[in-house]
Amino acid sequence: ADNLSEALKKLKITSTDSTADSLEGCLDCLLQALAQNNMETSEKIQKSGVLQVFASLLTPQSSCTAKVANIIAEVARNEFMRNPCVDAGLIPPLVQLLNCKDQEVLLQTGRALGNICYDSHEGRNAVDHAGGAHIVVDHLRSLCSKTDPASEKLLTVFCGMLMNYSNENDTLQSQLINMGVIPTLVKLLGIHCQNAALTEMCLVAFGNLAELESSKEQFAYTNIAEELVKLFKKQIEHDKKEMIFEVLAPLAENDVIKLQLVEAGLVECLLEIVQKTVDSDKEDDIAELKTASDLMVLLLLGDESMQKLFEGGRGSVFQRVLSWIPSNSHQLQLAGALAIANFARNDGNCIHMVDNGIVQKLMDLLDRHVEDGNVTVQHAALSALRNLAIPVVNKAKMLSAGVAEAVLKFLRSEMPPVQFKLLGTLRMLIDAQAEAAEQLGKNVKLVERLVEWCEAKDHAGVMGESNRLLSALIRHSKSKDVIRTIVQSGGIKHLVTMATSEHVIMQNEALVALALIAALELVTAEKDLENAQLVQILHRLLSDDRSAPEIKYNSMVLICALIGSEPLQKEVQSMAFLEVISKLRSHENKTVAQQASLTEQRLAVES
């Protein structure tokens with residue numbers, strides 16, 4: 001301790017005109033003290049005011065420069081020392097030293113700057129201000145191909161410095177991307193793949209940068225996919241695989257890179273991991289299984305990568321994914337169902353899958369989760385069935401396979417994501433299927449649940465889908481029995497509210513359903529339509545210049561149907577409809593103009 005105090009005193013006095021030898025001795029003493037107790041020594045250095053002295057010692061000409069930079073690097077390992085280093089004006093001279101040729105000076109300077117930037121906003125700003133990142137990126141470029149140990153050590157330090165510099169800072173990450181650091185880092189990874197420390201630094205730097213959209217476009221122009229897959233195949237340790245996964249996941253969000261990863265053979269690696277870990281109960285294996293299967297699903301979100309793996313339904317990958325669905329692992333069941341939902345993104349694939357028995361597999365899976373209720377698996381299986389039900393030719397096949405009954409088992413679910421997919425699946429199934437729509441529309445339990453969900457104000461998606469299914473049951477069945485069931489269950493007011501939706505498609509579906517109700521069962525629904533103030537709403541829709549042409553047209557069709565009811569006709573007469581409708585005779589849309597003339601005639605006759 002005495003030696004340290006002595007050395008600090010001496011440094012302050014002699015820094016200006018001392019001999020190199022006496023300086024070296026003081027600096028060695030500081031380094032020794034830091035090695036024994038870094039924190040305590042750093043506190044003493046800060047109190048002594050020596051930090052300011054260091055700024056004048058950081059000159060390229062001095063033989064002590066590397067040692068001074070080394071001391072700063074050691075001191076800056078402590079969080080409380082980073083701001084004092086910035087305040088002491090150490091950043092500009094350190095950045096100047098990056099232009100030096102001496103490898104030891106460069107190494108220690110890189111360490112010092114990297115440590116000062118670690119988790120320090122002020123440190124990063126100061127380095128940015130002094131232009132440090134630019135020089136480091138240039139060094140990486142020029143050293144990139146050198147494989148001697150000293151160069152690799154320097155590359156590792158510089159990568160680490162850039163990583164600390166840009167960590168969790170979008171602006172600085174964008175700056176590095178604009179400087180073109182990505183192709184350089186990818187090249188580094190390829191050349192130095194045998195160097196574990198450097199590889200690790202590159203991976204962490206990629207993880208930092210890969211979150212930004214602009215970086216993905218740059219990555220797509222490199223051979224990152226190939227390099228990462230090559231590296232991945234060599235890894236045995238869980239931690240190393242995990243690091244690569246952390247880079248792969250954000251990169252795989254880009255469609256171009258998805259395809260590159262598929263072409264580089266990532267899928268085969270993932271399938272191998274699944275096979276090795278599926279029956280294990282070790283924590284690491286369970287985590288790896290989840291990551292691998294999740295990544296697999298992500299790769300299938302790209303249209304090109306998905307089609308490449310589907311291979312007309314004959315692809316080995318597609319077949320392997322199918323085998324996940326009956327598995328005993330919830331994680332694999334989930335990934336399998338999500339993968340099927342992703343494969344089912346075009347009609348051709350959907351038709352092929354339904355013809356090849358996929359529906360039964362999904363229904364069996366749902367059956368296993370009626371009681372145990374794994375929500376994520378239920379949601380994924382319903383998503384897959386919903387997508388498969390989109391092509392017209394699949395609807396009847398799926399209905400006769402009993403999909404509607406399988407889905408109805410989840411009516412009692414209290415989970416909004418499951419409710420949402422269940423509603424969407426039923427709506428897809430009954431599209432233009434009159435018989436099925438009638439059968440479901442007469443199911444009192446279903447209709448009552450729909451009416452209940454139409455009031456799910458906290459879950460806009462569930463509320464919207466319930467309304468749309470109510471309307472669809474009427475529109476596709478055109479059945480008086482269905483309308484009566486919906487009236488008795490209190491569904492009319494929801495259809496009237498739906499006519500005021502901000503989505504034109506929903507407004508329109510509601511108006512068409514209400515027109516059918518008025519045409520087929522006006523007497524039964526009359527009271528509910530009156531209570532829901534349908535006539536006032538129609539007046540508003542027709543008066544509003546922003547209403548779409550089809551909304552105006554269907555509102556007039558509905559007015560003509562409503563005047564068949566005495567109380568509703570009175571309401572129509574009491575609200576100057578003729579005025580609004582006569583204006584619409586000159587509407588730019590011909591169909592609207594024609595309907596306005598017809599409606600005007602009907603109203604004139606009735607009055």
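Mentor: Side chains of opposite charge can pair when their charged atoms come close. In this predicted model, arginine 427 and glutamate 465 form a salt bridge, with 2.9 Å between the closest N and O atoms. Arginine 427 belongs to helix H29 (residues 416-430) and glutamate 465 to helix H32 (residues 460-477), so the pair ties together parts that lie 38 residues apart in sequence.

Trainee: Are arginine 427 and glutamate 465 buried or exposed?

Mentor: Both arginine 427 and glutamate 465 are buried.

Trainee: How many salt bridges does the structure hold?

Mentor: The structure holds 30 salt bridges. One of them joins arginine 449 to glutamate 452, with the closest N and O atoms 2.7 Å apart. Arginine 449 and glutamate 452 are 3 residues apart in helix H31 (residues 444-453), which means that about one helical turn separates them.

Trainee: How does accessibility classify arginine 449 and glutamate 452?

Mentor: Arginine 449 counts as buried because its relative accessibility is 11%, under the 20% limit for that class. Glutamate 452, at 46% relative accessibility, counts as partly exposed. Salt bridges can also share partners, and in this way Glu24, Asp28 and Lys67 are joined into one network.

Trainee: Which residue does lysine 44 meet in a salt bridge?

Mentor: The side chain of lysine 44 meets that of glutamate 40, at 3.8 Å from N to O. The distance falls within the 4 Å cut-off for a salt bridge. Lysine 44 and glutamate 40 are 4 residues apart in helix H3 (residues 38-48), so about one helical turn lies between them. Lysine 44 is partly exposed, with a relative accessible area of 30%, and glutamate 40 is partly exposed as well, with a relative accessible area of 42%.

Trainee: Where do residues of negative charge gather on the surface?

Mentor: A patch of negative charge on the surface consists of Glu237, Asp239, Glu283 and Asp284. One of the four, aspartate 239, lies in helix H17 (residues 238-251). Its relative accessibility is 55%, so aspartate 239 counts as exposed.

Trainee: Let us turn to the cysteines. How many disulfides does a search of the whole structure find?

Mentor: The search finds 0 disulfides. The idea is to compare the distance between two cysteine sulfur atoms with a cut-off of 2.5 Å. For cysteine 144, the closest cysteine sulfur is that of cysteine 202, at 8.5 Å, which is too far for a bond. Cysteine 144 is buried, with a relative accessible area of 2%. Cysteine 350 is also buried, its relative accessible area being 1%.

Trainee: What should I note about the backbone angle phi of glutamate 311?

Mentor: The point to look for is a positive phi in a residue other than glycine, and glutamate 311 has phi near 45 degrees. Glutamate 311 is found in the loop between helix H21 (303-310) and helix H22 (316-324). At 44% relative accessibility, glutamate 311 counts as partly exposed.

Trainee: Where is glutamine 533 found, and what is its phi?

Mentor: Glutamine 533 sits in the loop between helix H36 (522-531) and helix H37 (534-543). Its phi is near 60 degrees, again a positive value in a residue other than glycine. Glutamine 533 counts as partly exposed, at 44% relative accessibility.

Trainee: Finally, separation in sequence and separation in space. How far is histidine 476 from glutamate 438 on each scale?

Mentor: Each scale should be read separately. Histidine 476 and glutamate 438 are 38 residues apart in sequence, and their C-alpha atoms are 7.9 Å apart in space. Histidine 476 has its place in helix H32 and, at 16% relative accessibility, counts as buried.

Trainee: What are the corresponding values for serine 555 and isoleucine 517?

Mentor: Serine 555 and isoleucine 517 are 38 residues apart in sequence, and 13 Å separates them in space, from C-alpha to C-alpha. Serine 555 lies in helix H38 (residues 549-562). Serine 555 is buried, with a relative accessible area of 0%.

Notes. Residues numbered from 1 in each chain as written. Predicted model: local features only at pLDDT ≥ 70, side-chain atom pairs only at ≥ 80, totals over all residues. Heavy atoms only, no water. Patch = residues over 30% accessible without salt bridge, like charges linked within 9 Å, V, L, I, M, F, W, Y side chains within 5 Å. Areas by Shrake-Rupley, 256 points an atom, 1.4 Å probe, with all protein chains shown as cover. Lys, Arg positive; Asp, Glu negative; His and termini not counted. Charge placed at Lys NZ, Arg CZ, Asp CG, Glu CD. Helix = DSSP H or I, 4+ residues; strand = E, 2+ residues; numbered from the N terminus. Buried < 20%, exposed > 50% of the residue type's maximum accessible area, 1.4 Å probe, protein only.
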